Amino acid sequence: MDLETAAAAPDPSPSAPNPMQGEEWVLYVVDKGINGLDNPKVIEWDDLQQELARLWSLTSELNSAKERKEALAQRLESVIKVRTESLAQSNELEEMKQKLESRKLALSDLSMHAKRSLEDVKRKREQLGLEIRSLLLAGKTLSAADQQLQDANKLLSGKKGCGRLKYLQKMLRMREQYMISQVCTLYPVKASNDIISRDKLDPQSDGGKSEDLVDSQSRKSSLTILGQQLTVFPMKKLSFFGDKKEIQRSATVLGYVAHAVLLIASYLDVPLRYPVRLGGSRSYVLDYAPLVETASSDLVFSSTVGLNGKPMEFPLFLEGQDTTRAAYAVFLLNKDLEQLLNYIGAESLGPRHVLPNLNELFRIIQSNEYINK
């Protein structure tokens, strides 16, 4: 409420004389209400002093209230400032706490990783220790083996070592060569006189490759043993008026070959797969196999072992025998020759070349390569 005072009166103190005593003074106090309208208030002179005192007290209270308001405003500003600063500090502190927590987590992860690394290092160190111990043991074993190898090399290089063994093997092969050369002398395999005379008559013949192949095949089939030529058995039954001399000559040749094969096998210490029962021109070849397939002559023959375990015997002669059994006997004899050739590291010349295979066997064994191999 705003108050306005309007008076035309002198100082209302009681000591002052009242010049207009006996007259009525009027004090107008304008009271501005809430609506801003002037509401004049009439104060008597007697009440003026009290009213002025009241107004002065209100004014002083108003000034003190303003001062307190300003002080409170300053204090409020300082509190707000402090609060703002404390809030900023609390935010910084919270950020620092978060950073500290993240660093704690990182440090925890690092410690876990370091612990795992230490465990891995410890495990690997143990494994390395085991491997080192195994390597040391292997080194000792290797050193012992090396020492044994050196001792063995010393033994081999001595008088009774590898040199001695090679020398004995060479002497054995020389002995085998000498004995088989005696067999070759006993049963010489040579070309027939027809081939030799033809070579003398035409020493500079210049045929083609096919003629050379034919000559080679004819030479193989024209070999003789002790001057006798082998005739291949026919695959059909002979007639009653057949050539008996040819049959006897073939049986004799096969007897020679069987005897030579038997001697060579005994000198080379080779057990024949198909043993020979020697009987001159009445020799037999034994077969222990239950089934024999001859791919050479396109012949399939089944030989059954008896209940008593005895092998089948196949004759190396035709007289009074089946031609199939005799041809199979020649096949088995040639298999024995192939076995001897394979034993000395050679190959067979063919399934039907009995004399050429025997001649090749003699030639290889009597060569220098056989002794020095």
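Buried means under 20% relative accessible area and exposed means over 50%, with partly exposed in between (1.4 Å probe, protein chains only). The exercises below treat a predicted model, in which local features need pLDDT of at least 70 and side-chain atom pairs count only at pLDDT 80 or more, while totals for chains, interfaces and linings use all residues. Residues are numbered from 1 along each chain as its sequence is written, and side-chain values use heavy atoms, with hydrogens and water left out.

**Exercise 1. The chain as a whole**

State how many helices and strands the protein chain has, and what share of its residues counts as buried.

Solution. Helices (H or I, at least four residues) and strands (E, at least two) are DSSP runs, numbered from the N terminus. By this rule the protein chain has 8 helices and 11 strands. Of its 373 residues, 25% count as buried.

**Exercise 2. A salt bridge between strands**

Which elements hold E313 and R277, and how many residues apart are they?

Solution. The side chains of E313 and R277 meet in a salt bridge of 3.1 Å, N to O. This pair links distant parts of the chain, since E313 is in strand β11 (residues 312-315) and R277 is in strand β7 (residues 276-277), 36 residues apart. E313 has 32% relative accessibility and therefore counts as partly exposed; R277, at 38%, also counts as partly exposed.

**Exercise 3. How α6 packs with α5 and α7**

Describe the angle and the contact residues for α5 with α6, and then for α6 with α7.

Solution. Axes are lines fitted to C-alpha atoms, for helices over the stretch in contact, and angles run from 0 to 180 degrees between N-to-C directions. Angles under 35 degrees count as roughly parallel, over 145 as roughly antiparallel, 65 to 115 as roughly perpendicular and the rest as oblique.

Step 1: The axes of helix α5 (residues 244-268) and helix α6 (residues 323-343) come within 11 Å and cross at roughly 30 degrees, which means that α5 is roughly parallel to α6. With contact taken as heavy atoms within 4.5 Å, the residues of α5 that meet α6 include L254, V257 and I264, and those on the α6 side include L333, D336 and Y343.

Step 2: The axes of α6 and helix α7 (residues 354-365) come within 10 Å and cross at roughly 20 degrees, so α6 is roughly parallel to α7. Among the α6 residues in this contact are N334 and L341, and among those of α7 are N357 and E360.

Definitions and conventions. Salt bridge = Lys/Arg side-chain N within 4 Å of Asp/Glu carboxyl O.
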